[in-house]
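Here is my note on the model, point by point. Please read it with the structure open.

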Amino acid sequence: MNTKYLFLSLLLVLTACTQSPDINNVTMLDGDQIFDPSLYHPERYLVSAAIANPNTVQKNTPVVIAVHGYSATTFEWDEFRTFADAKGDILVSQVLLGGHGRTYAEFKKSTWEDWQEPILTEYNALRAKGYTNINFAGSSTACPLVMDLIKKGKVVGLKHLFFVDPIVVSSDKMLTLIGLVGPMMGYIETTNTPAEEGHWYHFRPQETLNQMMKLIDLSRKELQAGFKLPVGTQLKIYKSIKDPSADPVSAVLIYKGLTNSDGSKIAVEMIDSELHVMTRLSGRDNVTQHDRDNQMHIFDDLYGILKE
Amino acid sequence: MKKIVVLTFLFVSSVLSLHAQASDANGWPGTLKGGFRIQKAQKLYWENGFAFDYASPKILDSRIHFGASYETSRLGSALGSNAIKQDNYLVSAAYHFRHQKALQPFARLNVGYFHADYEDALFDVLPNSAFLTSIDVGLMYEFKIPLTLSLSAGYNLNAGTGVAGPGTLFPVFYQMSILYTIF
């Protein structure tokens with residue numbers, strides 16, 4: 001009797017382990033037909049690809065390296081790009097994280113270091129071309145990725161960092177058990193709106209959730225030990241006070257752990273919002289005027305700081 | 001911080017001196033143990049502190065153990081780091097299996113209070129305290145010398161969710177207690 005149940009449960013576990021998600025190639029980013037457009041037209045997304053030889057005016061124009069979060073694409077910063085283009089006096093470089101915007105298989109085998117690499121590549125490319133005013137705007141997972149680059153001294157020349165809803169602690173605390181339950185799950189399925197489908201992976205392989213947990217755990221420990229921004233770099237955090245993905249306490253951990261080069265505190269604005277990544281509204285259902293006000297406030301504030 | 005350490009030392013040493021009372025099964029109604037508790041949240045902080053355990057042959061023949069404990073990151077991960085200073089106060093009731101034996105599996109229900117100090121008015125808008133309700137299961141071993149070792153794994157039923165509850169109240173924890181039999 002006992003052996004029969006043991007066998008059945010082992011079979012169940014094995015089946016779960018080997019399951020592949022049912023990917024719809026026509027509608028899902030995870031498939032082999034929809035890819036992030038920056039892969040086809042890097043010159044439309046990356047300043048380093050758009051301007052082969054920047055002149056002096058261009059080199060002194062503020063450039064913002066805008067980086068999206070876990071499972072997302074360059075779409076996450078499209079609205080800021082539209083805002084910036086309308087202003088006409090700042091440049092935006094929309095970076096696609098490694099392993100993202102491609103296929104489920106590529107996402108599954110990617111590590112958080114793979115995700116991080118294109119940020120450093122674009123930063124180095126802009127430096128090589130002589131840009132003098134390079135900044136960073138990141139949402140969610142992009143923030144611990146860039147904090148790690150800073151901690152390791154790989155990025156020293158950024159003027160301003162803007163974090164929108166950074167994640168150091170996950171709102172979904174079950175992520176802490178991913179090492180244990182991940183192999184049994186295989187993947188989790190998200191609920192994208194029809195407008196979001198094609199811009200976020202529909203399925204999240206447990207391997208990538210493991211990578212996420214590794215990254216934020218590392219980030220938390222680095223902040224616990226404490227480190228400083230390089231001289232000349234300033235940081236501002238915009239954090240929604242209710243966030244179903246990035247726990248708002250993430251802002252507290254960054255505020256305590258990462259200071260300016262002179263030891264003074266970084267800037268934090270806690271915002272009355274229930275959205276994760278308040279700067280991205282396109283594709284959401286039930287966007288309120290309050291959400292739009294928050295988005296515009298962050299864009300205006302960010303722009304104002306860049307132009308100081 | 002110094003005040004806490006001194007007060008704790010005075011409290012513990014005065015409790016330990018109660019050992020002067022004879023633990024007579026006919027006289028004194030039960031066994032009180034006190035000692036240290038080391039706790040780790042899965043993927044978060046060490047929160048260490050003190051624990052007490054009480055059982056009486058008059059209360060279900062010592063099958064039920066009542067407990068009280070205090071664990072804090074101030075005596076753990078927050079020592080000399082930027083970890084959030086947070087405190088847990090718990091009272092508990094546990095059912096011990098094999099209660100007459102040295103090795104006793106137990107299942108325990110804990111209730112209490114959690115409080116995190118974010119240290120800056122900027123974060124007053126975030127929830128930083130909660131009632132605690134958790135269960136843990138484990139093993140208790142009573143040595144022949146008056147020391148008891150308790151090991152368990154537990155689950156907080158109301159961990160933070162990002163939209164409600166303190167963000168550093170995590171669900172899964174592991175604890176080890178080393179208790180001295182006071183009487």
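**Notes on the two-chain model**

1. Start with the contact between the chains. In this predicted model, 28 residues of chain A are in contact with 29 residues of chain B. On the chain A side, Thr176(A), Gln224(A) and Lys256(A) lose the most area to chain B. Together they account for 26% of what that side buries.

2. Next, the size of this interface. The size of an interface is often given as the accessible area lost when the parts come together. Between chain A and chain B, the buried area is about 2,400 Å². Carbon and sulfur atoms give 67% of that area.

3. Which side chains meet in a salt bridge between the two chains? They are Glu119(B) and Lys256(A), at 2.2 Å, N to O. The count between chain A and chain B is 1 salt bridge. Please look at this pair in the viewer. Lys256(A) is also one of the three residues that lose the most area on the chain A side.

4. Across the interface of chain A and chain B, 8 residue pairs are in polar contact, with both residues at pLDDT 80 or more. Three elements of chain A give two or more residues to the side that touches chain B: α9 (206-225), α10 (249-257) and β10 (267-271). Helix α10(A) gives the most, with 7 residues. By residue type, this side of chain A divides into 16 nonpolar, 5 polar and 7 charged.

5. Now the sheet of chain A. How many strands form it, and in what order? There are 6, arranged β2-β1-β3-β4-β8-β10 in an open sheet with parallel pairing. Strands β2 (91-95) and β10 of chain A stand at the edges with a single partner strand each, so one side of each has no neighbour in the sheet. The twist from one strand to the next averages 15°.

6. Strand β8 (residues 234-240) of chain A runs parallel to β10(A), and 5 bridges join the two. Within this pairing, Ile237(A) stands opposite Val268(A) in β10(A). Strand β10(A) is also among the elements that give two or more residues to the side touching chain B.

7. Two helices pack on this sheet's strands. Helix α10(A) lies across β4 (160-164), β8 and β10 of chain A, at about 160° to β8(A). Helix α4 (residues 78-87) of chain A lies across β1 (63-67) and β2 of chain A, at about 165° to β2(A).

8. A salt bridge within chain A is worth checking. The side chains of Glu207(A) and Lys108(A) meet at 3.9 Å, N to O. This pair links distant parts of the chain: Glu207(A) is in helix α9 and Lys108(A) in helix α5 (residues 104-108), 99 residues apart. Over all chains, the whole structure holds 18 salt bridges.

Definitions and conventions:
Residues numbered from 1 in each chain as written. Chains lettered and ligands numbered in written order. Predicted model: local features only at pLDDT ≥ 70, side-chain atom pairs only at ≥ 80, totals over all residues. Heavy atoms only, no water. Contact = heavy atoms within 4.5 Å. Buried area = accessible area lost by both parts, 1.4 Å probe. Salt bridge = Lys/Arg side-chain N within 4 Å of Asp/Glu carboxyl O. Polar contact = N/O pair within 3.5 Å; in protein donor to acceptor, adjacent residues only side chain to side chain. Helix = DSSP H or I, 4+ residues; strand = E, 2+ residues; numbered from the N terminus. Nonpolar A, V, L, I, M, F, W, Y, C, P; charged D, E, K, R; others polar. Pairing = 2+ DSSP bridges. Axes fitted to C-alpha atoms, helices over the stretch in contact; angles between N-to-C directions.
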